[in-house]
Amino acid sequence: MSRPLHRGFSGGGRLSGNIQEFLEDSQMKFKSEKEDFDKNRLSSDHRSSWNPFHFIFTISSPSKQSVPENGFIVPDPFSPVSSRKRYKLTLFFLKFSLFVIVILALTGSFWWTISLTTGSRSHTFHGYRRLQEQLVSDLWNIGEFSLGASRIKETEFCSLESENYIPCFNISENLELGLGLTEGQEQDRHCGPTSKHNCLILAPSGYKIPHRWPTGRDVIWIDNVKINAQEVLSSGSLTKRMMLLDDDQISFSFASSMVDDSIEDYSHQIAEMIGLRNESYLVQAGVRTVLDIGCGFGSLGAHFFQNQLLTMCIANYESSGSQVEITLERGLPAMVASFTAKKLPFPSLSFDMVHSAWNGIAWNHKDGIHLLEADRVLRPGGYFVWTSSVANTRASVRNKDNSKIGDFVRNFAKDLCWELLSQQDKTVVWKKPSNKVCYASRSQGSGPLVCKVGRDVESPYYHPLEACIGGTHSRRWIPIEERPKWPSRATLSSKELAVHGVLFDDLIEDDLNWKSTVRNYWSLLSPLIFSDHPKRPGIEDPIPPYNMVRNVLDMNAHFGGLNSALLEAGKSVWVMNVIPTSGPNHLPLILDRGFLGVLHDWCEAFPTYPRTYDLVHAEGFLSLETAKQRRCSMLDVFFEIDRLLRPEGWVILRDTSSLIETARTITTRLKWEARVIEIESNSNEKLLVCQKPLIKRLQQ
């Protein structure tokens with residue numbers, strides 16, 4: 001077998017074939033021309049100059065001219081002509097070599113970077129854009145994110161005290177800030193420099209994933225909230241004792257934290273006092289959204305939810321973690337809100353009904369300023385429902401203090417032009433006027449004044465309480481009887497949209513886009529969290545509709561399109577529509593559509609307990625926040641999202657490709673599982689889908 005040909009040869013090998021003959025002929029030719037060497041030096045030098053590597057050899061050769069035995073002529077390196085040529089060619093070779101080395105180094109570095117990037121995005125869905133071009137674009141847009149990601153490489157877990165802690169509502173911390181707080185103002189929201197907690201909050205050691213909806217609305221795991229079975233049993237309340245199913249669960253099926261009778265009877269009573277047959281007719285009467293002040297454990301909201309009514313529960317922050325925390329654990333709308341000194345974070349004329357039962361609020365405090373705030377957020381024609389032992393006139397006769405409070409509330413309601421509809425035992429129902437005639441017809445000096453135009457604002461974020469009647473100058477003054485009934489109310493008319501400065505076609509187009517988006521979301525996530533979710537080992541078969549997602553936090557809600565699309569698709573979820581204070585205020589429009597929402601500055605903690613939401617969604621939020629000169633980093637916001645999110649909860653972010661890719665680097669530091677998904681219809685945007693793992697604190 002013949003050997004293959006090689007470019008080089010070893011010291012003892014023979015050249016074969018034409019190569020050897022060629023060298024022999026060359027040797028003879030060189031020998032015959034030896035005598036004419038001096039004359040032909042330049043031409044010989046030219047013949048030998050074709051190989052750049054040969055010049056490297058000749059430069060390092062001895063200066064004396066010689067003819068070696070192998071027949072290769074070594075020219076004189078000190079010859080002027082040959083030296084210049086060798087210098088130029090050598091310089092050219094060095095430049096060429098340097099260029100090749102640089103190209104190889106850049107290529108190796110580029111592919112090394114690509115390998116790291118693609119390795120870390122093992123879950124990325126490819127197929128629509130060239131990753132190499134996108135990588136170059138992403139590197140120019142790291143900015144604050146890259147700095148933020150580097151700061152959390154050693155992310156720590158929060159202390160035990162953070163399990164049920166809400167920043168900005170720490171009473172002792174508020175007092176230490178030296179703000180001169182008095183008369184209960186320490187209960188209000190105060191975000192100081194120590195309010196940020198850049199750590200990961202562990203779930204309690206006994207934490208369990210909540211039951212699927214609707215089971216999770218009526219049964220919760222006792223270890224998921226800051227209350228234990230002994231506290232329930234020792235409460236002395238028959239209702240609370242009925243709540244306890246066994247050692248690790250609480251049932252609310254037959255519970256009512258407000259009245260001795262069942263919640264069904266109580267809600268039926270309210271409907272009858274309004275003049276309706278039962279609570280199912282409240283929607284026909286124009287009621288869609290309810291503000292429940294001091295909601296107990298959310299029993300009224302849970303019952304109303306079955307009748308297409310949305311109830312927002314608000315209450316003070318409690319270190320014991322009751323009321324709002326338990327309501328949220330049931331998957332019902334709730335948030336921490338105190339209006340001791342500040343207005344509620346809702347625009348005027350936001351709710352169709354305001355409910356207050358057994359919450360201990362001193363409505364006669366500060367000359368009725370809290371009743372004025374309740375009136376401000378109540379829509380024209382809406383209902384104020386008050387249940388209290390103070391409201392019982394017969395019982396109050398024996399208690400002068402209670403009688404004084406009850407009389408004050410009734411007289412102040414008249415000054416507000418509220419119409420007394422009915423009173424039964426401890427419950428009173430008033431109706432807010434549908435027109436403004438009454439305010440002008442009041443005798444001079446009777447009751448509070450109407451707020452001036454400049455003081456009646458639609459964005460009451462951190463505004464102090466006003467001792468005047470608000471909302472009367474709003475263009476949104478439309479009685480609930482004249483508004484479309486639910487669900488037609490979700491699509492506002494052109495006339496209503498004109499009040500908000502929005503075109504009808506723009507809202508329709510936005511809704512259509514979100515319908516398509518929700519279908520894509522559902523198709524993408526259904527194998528994981530929705531109707532065909534596989535059963536976990538060791539759990540029973542779920543009850544229809546099998547949903548693990550009960551609530552959604554939309555961080556940048558725009559017109560409420562996600563909320564509308566979810567309802568249109570018949571999904572059994574509710575949405576907390578958040579309007580960032582850094583963007584345009586569409587919250588009045590969202591509330592007029594019959595949805596729930598709130599204003600919020602995302603540089604501060606959201607007013608809710610940890611482990612609140614099953615799904616956090618944000619479309620265009622990263623672009624909105626990075627476009628502003630913010631006092632917080634995006635890293636701070638991601639820590640807040642982690643605090644809000646339930647274990648095994650989901651995050652969906654949609655934004656520009658560069659911001660999504662950078663956000664993915666942060667989510668890995670938060671121990672989230674992340675997937676970057678290409679959007680086929682939009683090459684400039686990407687989708688980031690993440691899931692938070694269940695990490696529990698070790699048993700003490």
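User: Why is D655 called buried?
Analyst: Its relative accessible area is 3%. Buried means under 20% relative accessible area, exposed means over 50%, and partly exposed lies in between, with a 1.4 Å probe and protein chains only. D655 therefore counts as buried.

User: What kind of model is this, and how are residues numbered?
Analyst: It is a predicted model, in which local features need pLDDT of at least 70, side-chain atom pairs count only at pLDDT 80 or more, and totals for chains, interfaces and linings use all residues. Residues are numbered from 1 along each chain as its sequence is written, and side-chain values use heavy atoms, with hydrogens and water left out.

User: What is the average pLDDT of the protein?
Analyst: The average is 77, and 69% of the residues score at least 70. pLDDT is the predictor's confidence in each residue, from 0 to 100. Over residues 1–24 it falls below 50, and this stretch has four contacts beyond near neighbours in sequence. Residues 254–261 also have pLDDT below 50, with 23 such contacts in the model. A contact means heavy atoms within 4.5 Å.

User: Where is D655, and what does it touch?
Analyst: D655 sits in strand β14 (residues 645–656). Leaving out residues up to four places away in sequence, it touches G620, F621, L622, S623, I660, N684, E685 and K686. S623 is 32 residues away in sequence, yet the C-alpha to C-alpha distance from D655 is 6.9 Å.

User: How many disulfides does a search of the whole structure find?
Analyst: It finds six. A disulfide is a pair of cysteine sulfur atoms within 2.5 Å. Counting bonded cysteines along the chain, the pattern is 1-4, 2-3, 5-6, 7-8, 9-10, 11-12.

User: How do you know that C168 and C191 form a disulfide?
Analyst: Their sulfur atoms are 2.0 Å apart, so the pair meets the cut-off. C168 is in the loop between α6 (143–151) and α7 (171–176), C191 is in the loop between α7 and α8 (215–218), and the two are 23 residues apart.

User: Why is the disulfide of C168 and C191 called right-handed?
Analyst: The torsion about its S-S bond is about 110 degrees, which makes the disulfide right-handed. Accessibility is given for each cysteine. C168 has 0% and counts as buried; C191 has 28% and counts as partly exposed.

User: What joins C295 to C313?
Analyst: A disulfide, with S to S at 1.6 Å. The torsion is -45 degrees about the S-S bond, and the link is left-handed. C295 lies in the loop between β3 (289–293) and α12 (299–305) and C313 in strand β4 (residues 310–315), so the link ties together parts that are 18 residues apart in sequence. Both cysteines are buried.

User: What joins C417 to C438?
Analyst: A disulfide, S to S 2.0 Å. With -85 degrees about the S-S bond, this link is left-handed. C417 is in the loop between α16 and β8, C438 is in helix α17 (residues 437–441), and 21 residues separate them. C417, at 9% relative accessibility, counts as buried, while C438, at 26%, is partly exposed.

User: In what order do the seven strands of the open sheet stand?
Analyst: The order is β5-β4-β3-β6-β7-β9-β8, and the pairing is mixed. Two strands pair if DSSP finds at least two bridges between them. Strands (E, at least two residues) and helices (H or I, at least four) are DSSP runs, numbered from the N terminus.

User: Why is one side of β5 and of β8 left without a neighbour in the sheet?
Analyst: β5 (334–336) and β8 (419–424) stand at the edges, each with a single partner strand. The twist averages 20 degrees from one strand to the next.

User: In what sense do β8 and β9 pair?
Analyst: β8 and β9 (residues 427–431) are antiparallel, over five bridges. L420 stands opposite W430 in β9.

User: Which strands does helix α16 lie across?
Analyst: Helix α16 (residues 400–415) lies across β7 (378–387), β8 and β9, at about 15 degrees to β9. Axes are lines fitted to C-alpha atoms, for helices over the stretch in contact, and angles run from 0 to 180 degrees between N-to-C directions.
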